[in-house]
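Biologist: I am new to this structure and would like to go through it with you. Could we put it on the screen and begin?

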Amino acid sequence: MLFSYLAHRKACKAKQDERRNRIDQLPAYYKEPIGLRDATILAHPISALVKGVKAGEIDPSDILKAYGKQALCAHAQTNCLTEIMILSAETWAKDCNKKGPLAGVPVSLKDTVAIAGWDSSIGYSAWAGKPMQKDSALVRLLRDAGAVPYVKTNIPITLMSGESWSDLFGRTTNPHKATHTCGGSTGGEAALLALGGSRIGVGTDVAGSVRIPAHCSGVYSIKASVGRFPRTGNSSGIPGQEGVPSVYSPMARTLEDLGTFWKAVMSMAPWQYDYSCIVKPWDNSFWAPREVGGPSMKWGVLWDDEVIAPSPACKRALETVVDVLRQRGYEVVDLHPPSPYEGLKIASQLLIADGGRTALSHISPGESNDTGVEQAVRMASLPAWVRLLYVWYVRYIKRDEIYAGLLDGFHERSVYDYWPLIAQREDYRRRWFEMLQEEKLDFVLTVPNSMPALPHNGMKDGVKAFGYTLLFNLLDYSAGVLPVTHVDASQDELPAGFKPRNSIEKAVYKMYDAKAMHGLPVGVQVVGRRLEEEKVLCGMEIVEDSLASAGVIYKPLNSS
């Protein structure tokens, strides 16, 4: 045990020294201030960069230099990077496909993404120093499209947290407020994008892992449905977990870039790179109703997930979007769907069906883990009689049926017990489908989370607060997040007399402080049906245009 712990500490030091040395060994121009040429490049949307590269007006190496500089600035501020590939990327930029749909565009990647010759340790010290043998399907597609991978970004160990930290890489902070989290598990990516160190990145999402960081850090994301985006050949802490499948999905600094990137990836026929991708090219038809017939799309609002009511700041952002859509003539109705709480119970039971043993099996003795994950796994590993006694106490003594109902399902399952859970998932999906059909809804609007970014170490209780995102992973719906506003201490104080409905809500609301959170970004979530990513992008565009028409324009962080 002692020798294993010492090996863990040695691996952490070696990995951090390696990262520091890779930065130190970069050519001097990466340490120079952002110049006029760099600033011009950083200001261009990726469509303009691609156009310039194709026309021979912009050199991919110059684009890499600008983004390399800015990425290092973002890392110095937030500790957002894991693998610094910039030196190798200089060769990749020179040799990139200058006629591809992403010609010369630097793309940052979550640490899970496999690139030949580079680690994908995802925070496990035992996996450090073990480089991947070949590029994943996603990386092969990106290279063929002309993109240039150049950095990988920070994550939490196990990937099961809404924060991004590990012993191996340290903690990534929120780019708006260092005392708070950037989100997780694709948090390093969100911090990098918010500070302009990248325009396009790729992460994963199994419970909100691209949407929660987008919400916390003030950037854009869209969670794909299973089969739309390449995912094979990458690293995972829970391989084989398909009850609530993880999906690779893009994030961006602007909505325009998010759409450009999605269209570029679809143009590369991802089904030719990854057996798991379905044959579904880019679908432009969803923009037609906007051009002929006016505001015909119908929106349903999910105001509450029955577990944690949205905080004043998050509710204000949602109300703002509802108001501007109605002003533009869109039909917006309150949603009364199958119980979101029931969905949370099913999804959480599916995710913890192995008792958390797979994710924990890679952790070295003495290696730190997220407190929320530890708490969930501890409950799942209790002897049945102890767990049942505690559930009885919560249900009948504390009279908290919401928390008791969740705890009741936190245990390891046999295959015999697991299959009925899959049947529950499918029946739940059927009921949501029938509700959407009956209501003739185009979109669901809701918050990405009940809270803005939480203070560091908030996941002990915050890990229970993923209901607004995990729901749509369970349903396999396409779901995007865009920033709307910022927490305002003068508007978003908790009303006097607020009484939490259950112990989960009580614990999470203890961390809500409008003054301490002042200035943090707040987003909204736009949800479509399964495989409707293009339609969701259209919906996000409608929301942003409607906000702009009302004078509500989100201002991103300055990138230089």
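Biologist: Is isoleucine 122 buried or exposed?
Modeller: This is a predicted model. In it, isoleucine 122 has a relative accessible area of 0%, so it counts as buried.

Biologist: Where is isoleucine 122 found?
Modeller: Isoleucine 122 belongs to the loop between β2 (106-110) and α6 (137-144). Its backbone deserves a look as well: phi is positive, about 40°, although the residue is not a glycine.

Biologist: And what is phi of threonine 158?
Modeller: Phi of threonine 158 is near 80°, again a positive value in a residue other than glycine. Threonine 158 sits in the loop between β3 (148-153) and β4 (165-166). With a relative accessible area of 1%, threonine 158 is buried.

Biologist: Staying with the backbone, which peptide bond is cis?
Modeller: The bond from glycine 184 to serine 185 is cis, and its omega is near 10°. Serine 185 is part of the loop between β5 (170-171) and α7 (187-194).

Biologist: Let us turn to cysteines. How many disulfides does a search of the whole structure find?
Modeller: The search finds zero disulfides.

Biologist: Is cysteine 216 buried or exposed?
Modeller: Cysteine 216 is buried, at 4% relative accessibility. Cysteine 277 also counts as buried, at 7%.

Biologist: New topic: helix α16. Why is it described as largely enclosed?
Modeller: Helix α16 spans residues 401-408, and six of its eight residues are buried, so the rest of the structure largely encloses it. The buried ones are Ile402, Tyr403, Ala404, Gly405, Leu406 and Leu407.

Biologist: What covers those buried residues?
Modeller: The cover includes α12 (340-351), α14 (371-380), α15 (384-397) and α20 (503-509).

Biologist: And what caps the N-terminal end of α16?
Modeller: Aspartate 400 does, with a side-chain oxygen 3.3 Å from the backbone nitrogen of isoleucine 402.

Biologist: You mentioned α15. Which residue lies in that helix?
Modeller: Tryptophan 392 is one that lies in α15. At 44% relative accessibility, tryptophan 392 is partly exposed. Tryptophan 392 also belongs to a nonpolar surface patch, together with Trp385, Leu389, Tyr390, Tyr393, Tyr396 and Ile397. The accessible area of the patch is about 820 Å².

Biologist: Where is the place of leucine 470, and what does it touch?
Modeller: Leucine 470 is in helix α19, residues 467-475. Not counting residues up to four places away in sequence, leucine 470 touches Val206, Ala207, Val244, Leu344, Ala347, Ser348 and Leu351. Its relative accessible area is 6%, so leucine 470 is buried.

Biologist: How far is leucine 470 from aspartate 205?
Modeller: Their C-alpha atoms are separated by 9.1 Å, while along the chain the two are 265 residues apart.

Methods. Residues numbered from 1 in each chain as written. Predicted model: local features only at pLDDT ≥ 70, side-chain atom pairs only at ≥ 80, totals over all residues. Heavy atoms only, no water. Buried < 20%, exposed > 50% of the residue type's maximum accessible area, 1.4 Å probe, protein only. Helix = DSSP H or I, 4+ residues; strand = E, 2+ residues; numbered from the N terminus. Contact = heavy atoms within 4.5 Å. Polar contact = N/O pair within 3.5 Å; in protein donor to acceptor, adjacent residues only side chain to side chain. Disulfide = S-S within 2.5 Å. Patch = residues over 30% accessible without salt bridge, like charges linked within 9 Å, V, L, I, M, F, W, Y side chains within 5 Å. Areas by Shrake-Rupley, 256 points an atom, 1.4 Å probe, with all protein chains shown as cover. Salt bridge = Lys/Arg side-chain N within 4 Å of Asp/Glu carboxyl O.
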